[in-house]
Amino acid sequence: MAKVCAVFGGSRGIGKAIANLLSQKNYKVAIISRNLEVARATAQEVAAPLAISCDISKEHEVQNAFKEIAQNLGHVRYLVNAAGISRDGLLLRTNSEDILSQMSINLLGSIQTCKVAIRGMMQHGGAIVNIGSIVGHKGNIGQSIYSASKEGLVGFSKSLAKELGKKNIRVNVVAPGFIHTEMTSSLDEESLNKMIPLGRFGEADEVAKSVAFLLESPYITGHVLVVDGGLQLQI
C-alpha cells in the first residue's frame, strides 16, 4: 500500500525539511500550505507529487484538501502537522485577533486535520505526528498564547493516542527547541546558545529525522519527543 503522507505547513522551515526527507524515503508526499505558489515550488524542489492550498483554520478547506489528496495519491495514512504561527508579545498588549489566529492555526487547525485524516486510517491504521514546541512545556515571556497553543497540542495528542490505539493509529508529538528557520532568524543566537547544553541551534533536517522515526515506529504512541539540544534540562 502506498505511503501517502500529508504535510501541513510543508512549504518551508521544519515542514519543508520533513517533506524532503519523507520524499527521499519513498513516501507520496502532499505539501499543503496557504500559499499555493510556494507549495508548488517546494513540491518541485523536493520531488513531492502534489501541492495544495489550504487554510487549516477553515474546516471546509481541510476537508477539500484531503479529498484532493485521495483523488490524486490515495488515502492518507500518514499525517504531519507542521503549520504554525507566532505573534509574540506580552498578554496585556496582545489583541484578540492575534490570540485567535494562533489558537486557530497552531491548535484548532491540527485538531481539524486529525479529525478528517483518521476517517481514512480506520481500516488500515496510520500515524500522526504533531509539531509542538519546547516553549509550550517550559513557557517563555511574551509567548503565553503560543505556549498555550503548543502545549494544548500535547494534551490533545495524548488523548487522541488513547482513543485510536485499538485502531492501530499512532499519535505522537515532536517538540523542537531553537531551530534555524525564518521564525528564529531574529533571535539573539549567540546568547541563546549559552543556555543550550549542546551549544547550538538545531537544524530543520534534525527535526525531520525525529518525525520520520515516529512515523515508522510501530510501538510508540502518545509520546512527546523533545528535540532541543538539552534545553529542557535547564531550570
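Where is Gly 177 found?

1. Gly 177 sits in the loop that runs between strand E6 (169-176) and helix H7 (189-193). Helices (H or I, at least four residues) and strands (E, at least two) are taken from DSSP runs and numbered from the N terminus.

2. A word on what we are looking at: this is a predicted model, where local features need pLDDT of at least 70, side-chain atom pairs count only at pLDDT 80 or more, and totals for chains, interfaces and linings use all residues. Residues are numbered from 1 along each chain as its sequence is written, and side-chain values use heavy atoms, with hydrogens and water left out.

3. Back to the glycine. Gly 177 is buried, at a relative accessible area of 18%; buried means under 20%, exposed over 50%, and partly exposed in between (1.4 Å probe, protein chains only). Leaving aside residues up to four places away in sequence, Gly 177 touches Ile 134, Val 227 and Asp 228, a contact being heavy atoms within 4.5 Å. Have a look at Val 226 too: Gly 177 and Val 226 are 49 residues apart in sequence, yet their C-alpha atoms are 7.6 Å apart in space.

4. On to the charged pairs. Searching the whole structure turns up four salt bridges, each defined as a side-chain nitrogen of Lys or Arg within 4 Å of a carboxyl oxygen of Asp or Glu.

5. Glu 45 is exposed at 56% relative accessible area, whereas Lys 16 is partly exposed at 24%.

6. Which side chain does Lys 25 meet in a salt bridge? The partner is Glu 216, at 3.5 Å from N to O. Lys 25 lies in the loop between H1 and strand E2 (28-33), and Glu 216 in the loop between helix H8 (204-215) and strand E7 (224-227), so the pair ties together parts that are 191 residues apart in sequence. Lys 25 is partly exposed, with 30% relative accessibility, and Glu 216 is partly exposed as well, with 37%.

7. Last, Glu 206 and Arg 200 join their side chains in a salt bridge at 2.8 Å, N to O. Glu 206 counts as partly exposed at 30% relative accessibility, and Arg 200 counts as partly exposed at 39%.
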